[in-house]
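Subject: Structure for your review

Dear colleague,

Please find the structure below, together with its sequence. My notes on it follow, and I would be grateful if you would read them with the model open beside you.

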Amino acid sequence: MKNRYFFIIIVLFFFFFIVLFKGLKNPNVYIPELQKEKNLSRFEASDFYSNKKTSSLDILNDNNFYLINIWASWCLPCREEHDYLIKLKEQNLVKLIGINYKDNFKNAKKFLNEMGNPYSKILKDKNGTVSIQLGAYGVPETFIIDKNKKIIKKIIGPIDKKIYNEILLIIK
Amino acid sequence: MKIIKFLPIIFLYFSLFSSFSNEKNSQLENKIFKNLRCIICQGQSIYDSQSDFAESMKLVVKQKLDSGMSEEEIYIFFKDQYGEWISYDPEFNTKTYFLWGLPVLIFLLGGAIILRKLAVLKN
């Protein structure tokens, strides 16, 4: 009888030890599901230049691929990816929508003057709420939206050469 | 003249009423804040966190409440955007059946042990 209890305790001990030990090695930083297709939820934001309120339905009205890019002048990785955004614009395969995240208007304008403006439309996100409506985590972040207005890919972090080629493959 | 006498009372009534409803609203807000995880912080709800991300999320919750969304609808919205992990209330599904089932299992096991002990003592 005692032996059996002892055996059960040992088994339980090892069970919990293995479960917890495995858990130790799991990263406890959240990794979002990037591959899942998602409907784009409707959002409203004011225009970067005119301050006029517009809705996502008015902006994404063409039968076109769209790239929504969240950026800020204070964000260093945004500078790294900017050349790729300009290149994407030159390909004329996709329309770029910029969301200016928690930024100062003057600095943002200077950023665009220096680096070029790849966006066909820029929206303001002064307090970060627009990005959250989209399901974003921070800057830079890019969403690829297909012709059915579905988010088909989400890129967290700056666009590099590899991701640039991936985007081209998707939109072609 | 009589109306003037009653005016302060009416005023007090309405101001109390409005502060009461405000309090109710902020209680609900706080409840929702506590049930949503700040996904860029570790192990904190957005209620606990003062990070930029959490502050923006709080604003979105407030906007949604003002636009007439219910508590449940707000959770569904955030789960849609960020996945189930954002909620502190895990759903019952194939990934979580162990989590939900384990306490019941332990409870039953403990009960069985106690019953057996009692039976042994009686004998």
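How much area is buried between chain B and chain A, and what percentage of it do carbon and sulfur atoms give? Please bear in mind that this is a predicted model. The area buried between the two chains is about 1,800 Å², and carbon and sulfur atoms give 56% of that area. The size of an interface is often given as the accessible area lost when the parts come together.

The interface

At this interface, 21 residues of chain B are in contact with 21 residues of chain A. Nine residue pairs are found in polar contact across the interface of chain B and chain A. The helices α2 (52–66), α3 (71–82) and α4 (97–122) of chain B each supply at least two residues of the side that touches chain A. Of these residues, the largest share comes from α2(B), with eight. Sorted by class, the side of chain B that touches chain A has 12 nonpolar, five polar and four charged residues.

One salt bridge is found across the interface of chain B and chain A. Lys102(A) and Asp52(B) meet through their side chains in a salt bridge, at 3.5 Å from N to O.

Chain B

Chain B has four helices and zero strands, and along the sequence its pattern reads α-α-α-α. Of its 123 residues, 26% are buried. Among the contacts in chain B with a separation of 6 or more, 41% are between residues 24 or more positions apart.

Within chain B, the side chains of Glu71(B) and Lys31(B) form a salt bridge at 3.2 Å, N to O. This pair links distant parts of the chain, with Glu71(B) in helix α3 and Lys31(B) in helix α1 (residues 2–35), 40 residues apart. Lys31(B) is partly exposed, its relative accessible area being 43%.

Salt bridges in chain A

Over all chains, the search finds nine salt bridges in the whole structure. One of them joins the side chains of Asp62(A) and Lys95(A), at 2.8 Å from N to O. Asp62(A) sits in the loop between α2 (56–59) and β4 (65–71) of chain A and Lys95(A) in strand β5, so the pair ties together parts that are 33 residues apart in sequence. Asp62(A) counts as partly exposed because its relative accessibility is 31%, and Lys95(A) likewise counts as partly exposed, at 29%.

Glu166(A) also forms a salt bridge, with Lys153(A), and the closest N and O atoms are 3.2 Å apart. Here helix α6 (residues 161–171) holds Glu166(A) and strand β8 (residues 150–156) holds Lys153(A), 13 residues apart. Glu166(A) is partly exposed, with a relative accessible area of 29%, whereas Lys153(A) counts as buried at 12%.

Asp125(A) lies in strand β6 (residues 121–125) of chain A. Asp125(A) is buried yet has no salt bridge, and the nearest side chain of opposite charge, Lys102(A), is 7.5 Å away. The side chain of Asp125(A) does reach the backbone nitrogen of Thr129(A), at 3.1 Å. Leaving aside neighbours within four places in sequence, the contacts of Asp125(A) include Ile99(A), Tyr101(A) and Lys102(A).

Asp103(A) lies in the loop between β5 (94–101) and α4 (105–115) of chain A. Asp103(A) is also buried without a salt bridge, and the nearest side chain of opposite charge, Lys126(A), is 7.0 Å away. Beyond its neighbours within four places in sequence, Asp103(A) is in contact with several residues, among them Trp71(A), Trp74(A) and Lys126(A).

Yours sincerely

How values were computed. Residues are numbered from 1 along each chain as its sequence is written. Chains are lettered from A and ligands numbered from 1 in the order in which they are written. This is a predicted model: local features need pLDDT of at least 70, side-chain atom pairs count only at pLDDT 80 or more; totals for chains, interfaces and linings use all residues. Side-chain values use heavy atoms; hydrogens and water are left out. Buried means under 20% relative accessible area, exposed over 50%, partly exposed in between (1.4 Å probe, protein chains only). Lys and Arg count as positive and Asp and Glu as negative; His and the chain ends are not counted. A salt bridge is a side-chain nitrogen of Lys or Arg within 4 Å of a carboxyl oxygen of Asp or Glu. A polar contact is a pair of N or O atoms within 3.5 Å; within protein, one must be able to donate a hydrogen and the other to accept it, and residues adjacent in sequence count only if both atoms are side-chain atoms. Contact means heavy atoms within 4.5 Å. Buried area is the accessible area (1.4 Å probe) that two parts lose on being put together, summed over both. Ala, Val, Leu, Ile, Met, Phe, Trp, Tyr, Cys and Pro count as nonpolar, Asp, Glu, Lys and Arg as charged, and the others, Gly among them, as polar.
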